[in-house]
Amino acid sequence: MITTKIEDRFKTEEYFINMGPQHPATHGVLRLILTIDGEIIKNVEPDLGYIHRSIEKMCERDSYQQIVHLTDRMDYLSAHINNEAVCLVVENALELEVPERVKVIRTILAELTRISSHALWWGVMGMDVGALTTFMYAFRDRELINDIFEETCGARLTMNYNIPGGLMFDIHPNFVKRVKDFIAEFKTKLPEYDTLLTNNVIFQKRTKGVGFLSREDAISFGTSGPVARGSGYSCDVRKHHPYSAYTKMDFKEVLRTAGDTLARYEVRIQEMWESVAMIESLIDNIPEGDYKVATKAVIKLPKGEFYQKVETARGELGVFVISKGDKSPYRLKFRSPGFSNLSALNKMIVGGKIGDLVAVSSTLDLVVPDIDR
Amino acid sequence: MSYFSDIYKGIKTLFQGMGVTGKYFFHARKEIITQQYPDNKDTLKMFDRFRGEVVMPHDENNEHRCTGCQSCELACPNGSIEIIWDRQVDPETGKKKKMIDKHIYHLSMCTMCGLCIEACPTNAIVWSQEFKHATFNRSELTKILNKPGSKVKKGIED
């Protein structure tokens, strides 16, 4: 029997929809199970495990030199910084003092990695909200950084240039010149980013006030990196627990208090400027010296627990090693920034529109292999 | 009133953005950084540190530098390198010496981490800049690095 009551005939119901695992806006194989009422999002549940490669388990098998190259494959956009984290934890455990030259080169390369990661994020962010042009502009600038990496490290993405005790080989003779050329060029290109996307009214309307995350929530979800700093939570590892050359360097931690998508966007754009300034201050003063200190062919860590955290382009990456004195760790745990940042997605988007989900998840800057490991 | 100023601002920023794209549209030639790959095959030169594949250089007498110490095999994280070796009598000294029979390299398993080349004490293996690895048959990716009939160079000990 057809009911005549108008409320019954136009009754709405909640329903489930899968976003991903194969979706261009999820940047990898991330599956989001959405509960939607019309256009309003009621719940977002990330489903992980599609790209789990058991890297932590493989670390228990490998020697400490071999672990380094596995971390390339976690957060592939900040591969160099991941490598540095493992090298630092081994060096700290062995109480090995690396030369000043190594620290400076590591820091320059880490900041270049950060620029390249943020540039890619900027392009993809534009693409996610519908501005296809930005992608090409971001890749144009990234290409120059990739050339620097290819010339010095030998690879463009999975560098594996750090080894416990220093660097695999010295920097290429062209390195300093190339970096200087890049910085000069990038300084003229960065204002274009603002003209193309930041100042655009359509983009601002899509991002302002969308995906709000309060400072309290940012802390309680354990977010880090630009996501937390966009909410006004000062958490830069480079500032609070400095390592490598950051100990002696003067730089500003970028903070925004708005906590919305635009604030997180602005943090990343400003961080690119900061990284440029950092590289400029370092590139002329690379100290002379060795590029590595000799370690034993088989590195055995002393018994105990060791932890080291670094600031990757996405936030705080922690490496926790439990050693029983063998040539490989008893247990190794990565605290990856993407995993914690993803957990805040539900809080940010519930009550928002489905169209905003892509913009919000894009500012989390998710790299799925980093979340799953 | 704000309605009209919004429209004005929207159109203004739109044209500012289009100004950037327009600039590159008319000055495209200067800014091209793309490699026209299949057309520049002959002139394309990779960086000298580029990690293409592992090779074992041989000199004109068909001699290599590998002593069969297996450092690379141990350093490799995923077992891409296998060395089959034997102790053979060295005709000059009359003593038995470790010599490689086959240095097998599985390119399909290699992650290009460079640890084997770092580990090699005699610089017997190096990176080649070859990047065209595609084959029709997977077995072609398993390579024997030492050439048939090759010997270890004199005076190389580990």
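Here are some friendly notes on the structure above, point by point.

1. This is a predicted model, in which local features need pLDDT of at least 70 and side-chain atom pairs count only at pLDDT 80 or more, while totals for chains, interfaces and linings use all residues. Residues are numbered from 1 along each chain as its sequence is written, with chains lettered from A and ligands numbered from 1 in the order in which they are written.

2. Let's start where the chains meet. On chain A, 20 residues are in contact with 20 residues of chain B (contact: C-beta atoms, placed from the backbone, lie within 7 Å). Two or more residues each come from α3 (64–71), α6 (133–152) and α7 (175–198) of chain A, and α6(A) gives the largest share, 5 residues. Helices here are DSSP runs of H or I with at least four residues, and strands are runs of E with at least two, numbered from the N terminus.

3. What kinds of residue does chain A bring to that side? They divide into 4 nonpolar, 10 polar and 6 charged. Nonpolar covers Ala, Val, Leu, Ile, Met, Phe, Trp, Tyr, Cys and Pro; charged covers Asp, Glu, Lys and Arg; the others, Gly among them, are polar.

4. Now look at chain B, which has 4 helices and 7 strands, in the order α-α-β-β-α-β-β-α-β-β-β from the N terminus. Its radius of gyration is 27 Å, well over the 15 Å that the globule rule gives for 158 residues, so chain B is more spread out than a compact globule. That radius is taken over C-alpha atoms, and the rule is 2.2 Å times the number of residues to the power 0.38. The C-alpha atoms of chain B fill a box of roughly 100 × 35 × 30 Å along the principal axes.

5. Chain B is assigned domain 1 (2–33) and domain 2 (53–152), with bounds from an automatic or database domain assignment. The centres of these two domains of chain B, taken over C-alpha atoms, are 56 Å apart.

6. Back in chain A, find the open sheet of 3 strands, ordered β6-β7-β8 with antiparallel pairing (a pair needs at least two DSSP bridges). Its edge strands are β6 (304–311) and β8 (331–335) of chain A, each pairing on one side only. β6(A) pairs with β7 (residues 316–323) of chain A over 8 bridges, and Lys309(A) stands opposite Gly318(A) in β7(A).

Key. Contact = placed C-beta atoms within 7 Å.
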